[in-house]
Structures are given as structure tokens and as C-alpha cells.
Amino acid sequence: AVNRQSKHDNTQVTDWYDILCENQLADFAERVLKKGMLVYVQARPAFEESKNIAGEKEDRPRFIANEIRIL
């Protein structure tokens, strides 16, 4: 998740992202990372076709991680 300021009323907004970790990076994330930790993730974008709540097809952004650093 990424927290940012809203442009309209200056409140905090949280954007959520799906991040896929593979192999050793997945093992590291599972063993070490805990909810609420501040991390830096370097990733490349990928898109996955899915259906929204109305049943319409849409491309959903995902990211495939290649580096995670605890800040």
C-alpha cells in the first residue's frame, strides 16, 4: 500500500497494489516481512485480465518484485 494526500480535500488516501514475489524473494517476504513494516519494493509492471464487481473485463495492474529492502 502507498499512502498519499488527496488532491481534493488534503486527506490521506491509501492505494493498494498486488505484488508478486517469486522463489527466494517470496521465501524472504514470508519469513521476514510483517504487517505495517516500511519497505522499498523494486518491481516491474504486469497486467492481468480480471472481472470487476459488475462482471466486466478489465486489466488489473500487478507488479513482479525483483528487490525488497526493509527501511
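View 1. Lysine 7 is exposed, with 81% relative accessible area; here buried means under 20% relative accessible area, exposed over 50%, and partly exposed in between, with a 1.4 Å probe and protein chains only. This lysine sits in the loop between S1 and S2. Strands (E, at least two residues) and helices (H or I, at least four) are DSSP runs, numbered from the N terminus.

Before moving on, a word on the model. It is predicted, so local features need pLDDT of at least 70 and side-chain atom pairs count only at pLDDT 80 or more, while totals for chains, interfaces and linings use all residues. Residues are numbered from 1 along each chain as its sequence is written, and side-chain values use heavy atoms, with hydrogens and water left out.

**View 2. The whole chain, for orientation.** The protein chain has 1 helix and 5 strands, and along the sequence they follow the pattern β-β-β-α-β-β. Its radius of gyration is 15 Å, well over the 11 Å that the globule rule gives for 71 residues, so the chain is more spread out than a compact globule. That radius is taken over C-alpha atoms, and the rule is 2.2 Å times the number of residues to the power 0.38. The C-alpha trace spans about 35 × 30 × 20 Å along its principal axes. Of the 71 residues, 11% count as buried.

**View 3. Asparagine 23 in helix H1.** Helix H1 covers residues 23-32, and asparagine 23 is found in it. Most residues other than glycine have a negative phi. Asparagine 23, although not a glycine, has a positive phi of about 55°. This residue is exposed, with a relative accessible area of 63%.

**View 4. The aromatic pair of tyrosine 17 and phenylalanine 63.** The structure holds 1 aromatic pair. The ring centres of tyrosine 17 and phenylalanine 63 lie 5.7 Å apart and the planes meet at 75°, so the pair is edge-to-face. For reference, rings of Phe, Tyr and Trp (its six-membered ring) pair if their centres lie within 6.5 Å; planes under 30 degrees apart count as stacked, over 60 as edge-to-face and the rest as tilted. Tyrosine 17 lies in the loop between strand S2 (12-15) and strand S3 (18-20), and phenylalanine 63 in strand S5, so the pair ties together parts 46 residues apart in sequence. Tyrosine 17 is partly exposed at 39% relative accessible area, and phenylalanine 63 is partly exposed at 25%.

**View 5. Two salt bridges.** A search of the whole structure finds 2 salt bridges, each being a side-chain nitrogen of Lys or Arg within 4 Å of a carboxyl oxygen of Asp or Glu. In one, the side chains of arginine 4 and aspartate 15 meet at 2.5 Å, N to O. This pair links distant parts of the chain, with arginine 4 in strand S1 (residues 2-5) and aspartate 15 in strand S2, 11 residues apart. Arginine 4 is partly exposed, with a relative accessible area of 39%. In the other, glutamate 67 and arginine 69 meet at 2.3 Å, N to O, and arginine 69 is partly exposed at 49%.

**View 6. Glutamate 58 in strand S5.** Strand S5 holds glutamate 58, which counts as partly exposed at 35% relative accessibility. Glutamate 48 is 10 residues away in sequence and 8.3 Å away in space, C-alpha to C-alpha.

View 7. On a 1 Å grid over the protein atoms alone, a pocket is an open set of points where a 1.4 Å probe fits, with protein on both sides within 12 Å along at least five of seven lines, and lining residues have an atom within 4 Å of a point. The lining has 18 residues, of which Ala1, Ile19, Met37, Val39 and Val41 lie nearest the pocket's centre. Strand S4 (39-51) and strand S5 (57-70) each supply at least two residues of the lining, and S4 gives the most, with 4. By type, the lining divides into 15 nonpolar, 1 polar and 2 charged residues. Here Ala, Val, Leu, Ile, Met, Phe, Trp, Tyr, Cys and Pro count as nonpolar, Asp, Glu, Lys and Arg as charged, and the others, Gly among them, as polar.
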